Amino acid sequence: MTQQRDDERIREVRIDSLAFGGDYNPDQWSEETWVEDIRLMKEAGVTMVSLPVFSWPQLETEPGVYDWAWLDRILDLLHDAGIRIDLATATATPPSWLLRAHPEMAPWDADGHRLEFGSRQTYCPSSPVWRENVARMTRTMAERYGDHPGLAMWHISNEYGDHVSRCWCPESTRHFRRWLHDRYGSLDGLNEAWGVSVWGQRYTSWEHIEAPKKAAGPVNPTQLLDFERFSSDAMLELFQVEIDVLREVTPDIAVTTNFMSMLRDLNYWDFAAVEDVVTDDAYPEPADPASHVGAALNYGYMRSLKGGRPWLLLESSAGATSWRDINVPKAPGKIRVESLQAVAHGSDAVMFFQWRQARYGQEKFHSSMLGHRGERSRSFRETKALGLELKRLEPVRGTRVRSRVALVVDHDSWWGSTQIESLPSQRLQWAQQARAWHRGMHALGQPVDAVRASGPFDGYDVVIAPNLYILEQPQADALRAFVESGGHLVVGPFSGVVDATEKVHDGGAPGPLRDLLGVEVDEQWPIPDGLVTSIRYGDQDLVVPHWSEWLEADEGTEVRGGYAGGVLDGLPAVTRRRAGDGTAWYVSAMLRPEGLVTVFRDVLREAGLPARADVDVNAEAVTRTDGGTDYTFLLNHGAEPITWSARGTDLLTGTAHDGRVDLGPYGVAVLAAPHTDDIPFPELLTATATVKEQA
């Protein structure tokens with residue numbers, strides 16, 4: 001979907017420091033508690049809070065009847081205390097009176113059940129009634145508070161798609177038909193795109209088309225893919241409703257909506273294009289010792305959505321969440337290292353959900369900065385210490401992360417390779433592949449950005465595409481241009497299989513990349529559960545647990561590794577082909593993390609980029625720069641001490657290091673040093689946890 005852009009001007013968040021604080025829900029507490037809250041916020045170094053995210057029912061108690069007094073007072077109190085406000089439009093969920101007056105705006109699930117009021121996001125994104133009321137409430141908020149001196153930015157809705165990202169109600173179905181008409185122009189165009197001659201699915205009327213529901217057998221894959229695209233676009237349209245109002249009433253105030261890291265359901269590339277600043281809600285699993293690796297991928301995606309500009313961590317947890325099956329708290333020190341990891345990866349904020357822990361409701365067991373024990377709580381002690389420490393990192397605000405490696409994030413391929421029932425195997429999942437490939441680069445010490453399949457790829461030496469199931473010629477042309485100009489491309493299995501309408505490319509995979517990669521896939525060869533095969537790569541055997549392919553390599557294509565054993569014994573598995581000044585690699589199998597490390601080490605060597613000699617997934621180094629000074633964050637995500645070889649002055653302690661930096665459990669150092677052409681690449685002097693152990 002091509003969304004209408006505004007004047008392309010980027011509005012800055014109105015805050016003159018790293019943002020530190022969290023969601024605040026004063027309407028859950030007495031005014032006496034507000035006074036105590038603000039005293040403790042100042043003590044902890046809080047600089048910004050988000051409110052009133054879920055307060056529409058408290059602000060508009062019945063249609064057209066408003067109670068602004070409480071919000072007026074708390075906004076003034078916060079401003080007087082020097083605390084900036086990420087002001088929500090309060091449209092995250094409808095009031096009960098609105099839903100009862102218009103039950104048709106409630107969402108339906110795929111089985112045709114209307115979802116009832118009693119949680120949040122009880123709305124259909126396509127509902128005209130909901131959109132009209134959202135626009136009205138947003139305008140009312142903007143006209144009342146647009147000139148408030150404490151306003152830092154607008155916070156539209158909240159976590160779009162968290163509970164309702166797809167709707168199957170009659171209104172959504174009508175909207176889906178309109179979307180299809182705009183996309184294909186005619187029923188003939190739709191029937192051609194959907195390949196309806198298979199299984200007799202031809203449509204003779206737009207009214208015959210439904211949002212895809214459970215059917216007698218597998219549903220048309222192009223219909224499923226289009227519904228994914230439509231659903232993301234419908235939510236984007238809803239987002240644009242509020243943006244348009246805010247641009248009209250408060251044209252100079254930045255707008256955002258809080259993303260949810262690597263969320264499958266919404267194409268954040270499109271969302272980021274129409275907002276001013278990217279914000280993210282990040283909740284790494286405390287029980288997973290390698291959760292920081294996935295967080296690094298999420299943060300690389302966030303900073304890349306607006307071309308490397310700083311983003312804001314708008315929500316994180318000070319301990320346990322309340323929505324996992326088992327909600328484990330964070331060990332002492334984890335709040336600090338996880339928060340500073342986000343800053344290392346380009347965030348100019350560390351914010352939490354929430355400031356004061358609730359006493360009732362669905363999130364009363366979700367940790368907060370100020371726990372149930374108040375200022376005696378461990379979470380307050382640790383977040384207070386963090387807030388004071390962040391002031392020492394003020395020089396990094398506004399700087400950008402340095403990276404020479406990018407990972408292709410393509411939502412069409414994500415949706416297509418996970419939605420269809422009739423794939424060769426359900427084991428090859430886009431997100432699983434992406435996280436595995438990122439993990440391999442992370443283990444070798446390379447920070448990874450994100451890019452679209454169509455680029456731009458400027459500034460990168462290596463681009464990795466874990467899976468491009470759906471690929472069109474313009475994307476292939478952009479990748480070819482990257483390689484021929486000296487780039488190094490690595491493409492993963494099951495890529496270039498189909499076009500944007502789910503039709504298999506002539507000649508099969510890798511479709512438009514065939515000449516660039518110099519290979520043809522004769523058959524996909526998934527591996528049954530309980531069996532494994534291997535690839536002989538140099539003097540190593542790389543384990544292949546789930547997916548392999550019968551590959552034919554062209555003359556001039558170098559076979560870097562071949563299958564060993566089984567039906568594919570001796571056939572190419574990993575290939576490399578030169579094109580122009582660069583190289584294009586194809587990895588035809590799913591590999592375990594240690595196997596990807598082996599292959600990627602060769603790719604980095606050919607690209608002239610360094611790779612860590614000793615692999616330790618707990619050790620992470622990321623550099624931000626302003627062009628004059630490099631700020632290298634050294635992080636220890638583990639409970640054992642590690643030692644780096646690095647130089648610079650630590651902003652956190654003032655200590656000058658000349659070759660050795662010792663970090664204790666969950667330790668962090670931020671080394672300032674003069675900017676260099678080559679990205680700083682600190683080496684580990686100790687290694688304690690391999691990529692295999694924590695994969």
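Predicted model: local features only at pLDDT ≥ 70, side-chain atom pairs only at ≥ 80, totals over all residues.
Residues are numbered from 1 along each chain as its sequence is written, and side-chain values use heavy atoms, with hydrogens and water left out.

Let's start with strand S11, residues 347-352. Helices (H or I, at least four residues) and strands (E, at least two) are DSSP runs, numbered from the N terminus. Six of the six residues of S11 are buried, so the strand is largely enclosed by the rest of the structure. Buried here means under 20% relative accessible area, with exposed over 50% and partly exposed in between (1.4 Å probe, protein chains only).

So what does S11 pair with? Strands count as paired if DSSP finds at least two bridges between them. Strand S1 (residues 19-23) pairs with S11 in the parallel sense over four bridges, and Gly22 has Phe352 in S11 as its bridge partner. Strand S10 (residues 311-315) also runs parallel to S11, over two bridges, with Trp311 opposite Ser347.

Now for the cysteines. The whole structure has zero disulfides, a disulfide being a pair of cysteine sulfur atoms within 2.5 Å. Take Cys124: its closest cysteine sulfur, in Cys169, is 3.6 Å away, so that is too far for a bond. Cys167 is in no disulfide either, and its nearest cysteine sulfur, again that of Cys169, lies 3.5 Å away. Cys124 is buried at 0% relative accessible area, and Cys167 is buried at 3%.
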